[in-house]
Amino acid sequence: MIRRPPRSTPSNSSAASDVYKRQGEENLLSMTIVLPTGELLKTGEAAAPASDKPYDPMGATMFSFLNKIWFGAQGTLGIVTDGIVKLKTLHESNEVFFIPFDKVQNSFKALREIGWLRLGEEVFVMNSTELALMLAKTPDKVPELREQLPPYTLVIVLRGSREEVDYQEKDLRDLASKLGLKLMTELPGVEDAREAILKEIEYPEGWKKTSKYKGARNTLPFITPWKRIPIYDEIVYELAMKYKYPPADIGFLLIPAEIGRGPCHYSFSRDPNNPEETEKVKRIYYEAAERMVRMGAFFSRPYGRLAEIVYKRAPTYYLTIKKFKELVDPNGIM
């Protein structure tokens, strides 16, 4: 049975409203941009100064759509001089749970149910390598730790008031029981896994830490329907075998931003002082991208050879962004 606080009481109605406001739709709320022409462009609430709130989830998001263009442009369409961002709330209560899976596709049903119930502030799936890279206290502990971790782990972080987290935990336990899943508060081989996850989310070491394992790391990020991920798995691991790259060093991350669809990445750790291994990763990276894009993977921020792979398959999209680039940067200075 799904437990929800009664919506009739003022306190609970307010709590439900606060959850929606806290999550909202955008993290970057407004920007001031100097265009290559020297003109100033303001987006979000900066473009609607009459509003008395920095973020209004019930209507003001219509002014934030332009943010996406410049946020994803990486400095090619203008220079952002200031912006307003949402800060993470320091919640009264924070709880972390782990659900192990032997295959990534076995997590999809749970992810859908979690999405439908709107459980969790952070939800993601990692394979044992990616999770070990995040949680190992020292780089030399990565191989040992990934052997102890489940092949895939769904991590869900519940945040909010004590009452809010309590009813979400009860819902999550009901869901795990219904689906026959093992809900854990700790991970094998990891001391204080809960604290380690919260620390990494709140004070991320990110790339700096995960690259220490071999000295360098390349990630192949894309957006895809979940159902295609097993196909991409076959491609990536087939290429790893072809080029004799250790499959155990391949990481995987899925963030279920939408039900049934979301951003993912594969990661390839390598020794930058080993030209042979670097060349192996390079070949796997671009061959995988070439095959994955044919299968429907969307690379939202392609660079270098990856841009060539993407744009040659989307000529209309390429021409559209070129025209927009010419509009805001007619002299091609950015």
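Colleague: In which accessibility class does arginine 261 fall?
Modeller: This is a predicted model, in which local features need pLDDT of at least 70, side-chain atom pairs count only at pLDDT 80 or more, and totals for chains, interfaces and linings use all residues. Residues are numbered from 1 along each chain as its sequence is written, and side-chain values use heavy atoms, with hydrogens and water left out. Buried means under 20% relative accessible area, exposed over 50%, and partly exposed in between (1.4 Å probe, protein chains only). The relative accessibility of arginine 261 is 33%, so this residue counts as partly exposed.

Colleague: How far apart are the closest N and O atoms of glutamate 258 and arginine 261?
Modeller: Glutamate 258, at 44% relative accessibility, is partly exposed. It forms a salt bridge with arginine 261 (a side-chain nitrogen of Lys or Arg within 4 Å of a carboxyl oxygen of Asp or Glu). The closest N and O atoms of this pair are separated by 2.8 Å.

Colleague: Which helix holds arginine 162, the partner of glutamate 92?
Modeller: These two residues form a salt bridge with closest N and O atoms 3.3 Å apart, and both are exposed. Helices (H or I, at least four residues) and strands (E, at least two) are DSSP runs, numbered from the N terminus. The pair links distant parts of the chain, 70 residues apart: glutamate 92 is in the loop between strand S3 (79-85) and strand S4 (93-101), and arginine 162 is in helix H6.

Colleague: To which residue's backbone nitrogen does the side chain of aspartate 329 come within 3.0 Å?
Modeller: Aspartate 329 is found in the segment after helix H12 (315-328), and its relative accessible area is 4%, so it is buried. Leaving aside neighbours within four places in sequence, aspartate 329 is in contact (heavy atoms within 4.5 Å) with Pro36, Thr76 and Met334. A polar atom of the aspartate 329 side chain lies 3.0 Å from the backbone nitrogen of isoleucine 333.

Methods. Polar contact = N/O pair within 3.5 Å; in protein donor to acceptor, adjacent residues only side chain to side chain.
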